[in-house]
Amino acid sequence: MASRKWLEKMSVDEWIDAVENEAQGAIVNGGILHYTRIGADGNAGSKFARVRLVDPKDPEAAVWKTIERPRFSNQELLAQVSLIPPLTQPG
């Protein structure tokens, strides 16, 4: 699961949600995570664009999912950081 967080650029909240909802992000026994840089439009990008989970028992049922990488404003990042308590106390 940790490699998916890195490859799919998941936010901490998305990763926690995927871990807690194992049925959503579970990899079947022998399953293959197939990443591609080729987008839905057929053009190759510089980063992974889509992912699918291939079940060896039913490979035809694998569906491509677009990898969305959110961009945050300074205010959004500050709001996320403010939710985390400091490790040390000032002074």
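Leaving aside neighbours within four places in sequence, Thr36 is in contact with Phe48, Ala49, Arg50 and Trp64. This description, like everything that follows, rests on a predicted model. Thr36 lies in strand 1, and with a relative accessible area of 13% the residue is buried, because buried here means under 20%. A polar atom of the Thr36 side chain also lies 3.1 Å from the backbone nitrogen of Ile38.

Two of the residues that Thr36 contacts, Arg50 and Trp64, also have an arrangement of their own. Arg50 lies over the face of Trp64, at 4.8 Å from the ring centre.

| Residue | Relative accessible area | Class |
|---|---|---|
| Thr36 | 13% | buried |
| Tyr35 | 15% | buried |
| Phe48 | 29% | partly exposed |

Tyr35 is classed as buried because its value of 15% falls under the 20% cut-off, whereas Phe48, at 29% relative accessibility, counts as partly exposed.

Strands of a sheet pair through backbone hydrogen bonds, either parallel or antiparallel. In this protein, three strands form an open sheet in the order 1-2-3, and the pairing is antiparallel. Strand 1 and strand 3 (65-66) stand at the edges, each with a single partner strand, so one side of each is left without a neighbour in the sheet.

Strand 1 and strand 2 pair in the antiparallel sense over five bridges. Within this pairing, Leu33 stands opposite Leu53 in strand 2, and the bridge partner of Tyr35 in strand 2 is Val51. Val51 also takes part on the side of strand 3, where this residue stands opposite Lys65; strand 2 and strand 3 pair in the antiparallel sense over two bridges.

Turning to the whole chain, the protein has four helices and three strands, and read along the sequence these elements follow the pattern α-α-α-β-β-β-α. The radius of gyration is 17 Å, well over the 12 Å that the globule rule gives for 91 residues, so the protein is more spread out than a compact globule. Along the principal axes, the C-alpha trace spans about 60 × 30 × 15 Å.

Two further values describe the chain as a whole. Buried residues make up 15% of the 91 residues in the protein, and Thr36 and Tyr35 are among the buried residues. Of the contacts with a separation of 6 or more, 27% are accounted for by residues 24 or more positions apart.

Methods
Residues numbered from 1 in each chain as written. Predicted model: local features only at pLDDT ≥ 70, side-chain atom pairs only at ≥ 80, totals over all residues. Heavy atoms only, no water. Buried < 20%, exposed > 50% of the residue type's maximum accessible area, 1.4 Å probe, protein only. Lys NZ or Arg CZ within 6 Å of the ring centre and 35° of its normal. Pairing = 2+ DSSP bridges. Polar contact = N/O pair within 3.5 Å; in protein donor to acceptor, adjacent residues only side chain to side chain. Contact = heavy atoms within 4.5 Å. Rg over C-alpha atoms; globule rule 2.2 N^0.38 Å.
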